Amino acid sequence: MTRYSRITGTGSYLPPHRLTNAELATELASKGVETSDEWIVERTGIRARHFAAPGVTSSDLGLEAARHAIEAAGLQAADIDLIIVATSTPDMVFPSVACILQHKLGIAGCAAFDLQAVCSGFVYALTVADAMIKSGAATKALVVGAEVFSRILDFSDRTTCVLFGDGAGAVVLEASETPGILASDLHADGKHVGILCVPGNVSGGQVLGSALLTMDGQAVFKLAVGVLESAARAALAKADMVEADIDWLIPHQANLRIMHSTARKLKLPLDKLIVTVDQHGNTSAASIPLALDAAVREGKIKKGDILMLEGVGGGFTWGAVLLRY
Ligand code: UT7
């Protein structure tokens, strides 16, 4: 019998401190940085974001999301036999957030590792977990996207600091006799490494270079609109499906204009687009599982629906996962 993988539970968590654009603009103004609610909403669709309290890490946020996902799947933490955490803001250089999270869940023994593909991290992680389940290497996987991007923001750079937020989302992916994940399509092009990066590295006990995020927003924007369309089409072709089969489009939540453009290119009405960027900002690898969980808990996404998940970000990386929920 063919072995497939299927999402059996979703969960998410946002740190309680919520900052509206107006509140952020007031804070930034006190540091001499000028922005406005009007500019942020018009250019990005973002209205608010959540920031983790000092000392709260990606594994803390991931733990809450993971607990919700495991509960929704009707499992205990001890049932999990693989943990993959997609993150670019790990608690430490090493060990991985996945190992720290495993311990916080009170379990031991199962494979646990981080995967770093920046804002495409969750679709990459889901694809790896799917392959490990299909191969028999795992049966009940916990796949998490968790980020504290507030820690790597340059609050003197208005072109980036208004865009990002903190949060975590998680799914439980289980072996199943019926699919599940229908197709994946992953890509990277390292020549664009400089358009979105945190260039610093640790050497000799010091951080060499900047440990803050830098982005050429327009370059990222132009690449994103093209690759989100091509990855979606490639995943559909692999599953022998067409645009009209998609019930819900869940792109990486970075910019509402990019998301609308992707929906239009795929000829999908905007009411099939799941939008949380307005309330979460860009939470990088956490944005897709956060949006997925919000839509599941709102009752929008129902069992059997066809979902197109799409990530795009630093690397440059991009990809899509087509699945039956
Ligand atoms: O998660 C990874 C994926 N990341 C993305 O998808 C991000 C993709 N890029 C974007 O979302 C957009 O490019 C941004 C939202 C980053 C910028 O929007 P834009 O429409 O491309 O604006 P722009 O960079 O062309 O800047 C327009 C103007 C500039 O002023 P001048 O030169 O026209 O006088 C900026 O200085 O807006 C100014 N500006 C701001 N003004 C007020 C830039 N940031 C701000 C700000 N508040 N926060």
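The ligand lies between domain 1 (4-176) and domain 2 (181-324), because both domains give residues to the shell around the ligand. Keep in mind that this is a predicted model.

Now look at that shell. By class, the shell holds eleven nonpolar, eight polar and four charged residues. Four helices each supply at least two residues: α2 (37-44), α6 (158-161), α7 (217-238) and α8 (256-265). Of these, α7 gives the most, with four residues.

Which residues come nearest to the ligand? Of the 23 residues around the ligand, they are Thr-35, Arg-158, Gln-218, Asn-255 and Asn-282.

Next, zoom in on single atoms. The side chain of Thr-35 has an N or O atom 2.7 Å from a nitrogen atom of the ligand. His-252 places a polar side-chain atom 2.9 Å from an oxygen atom of the ligand. For Arg-257, an N or O atom of the side chain is 3.0 Å from an oxygen atom of the ligand. How much of the ligand does the protein cover? On its own, the ligand has 960 Å² of accessible area, and the protein covers 75% of that.

Now turn to helix α4, residues 97-104. Its buried residues are Val-97, Ala-98, Ile-100, Leu-101 and Gln-102. An α-helix has 3.6 residues a turn, so residues three or four places apart point the same way. What do the buried residues of α4 pack against? Their partners are helix α3 (58-72) and the strands β4 (82-86), β5 (111-115) and β6 (140-148). Just after α4 comes Gly-106, with a positive phi of about 80°.

Technical notes
Residues numbered from 1 in each chain as written. Predicted model: local features only at pLDDT ≥ 70, side-chain atom pairs only at ≥ 80, totals over all residues. Heavy atoms only, no water. Buried < 20%, exposed > 50% of the residue type's maximum accessible area, 1.4 Å probe, protein only. Contact = heavy atoms within 4.5 Å. Near = heavy atom within 4 Å. Polar contact = N/O pair within 3.5 Å; in protein donor to acceptor, adjacent residues only side chain to side chain. Areas by Shrake-Rupley, 256 points an atom, 1.4 Å probe, with all protein chains shown as cover. Nonpolar A, V, L, I, M, F, W, Y, C, P; charged D, E, K, R; others polar. Domains from an automatic or database assignment.
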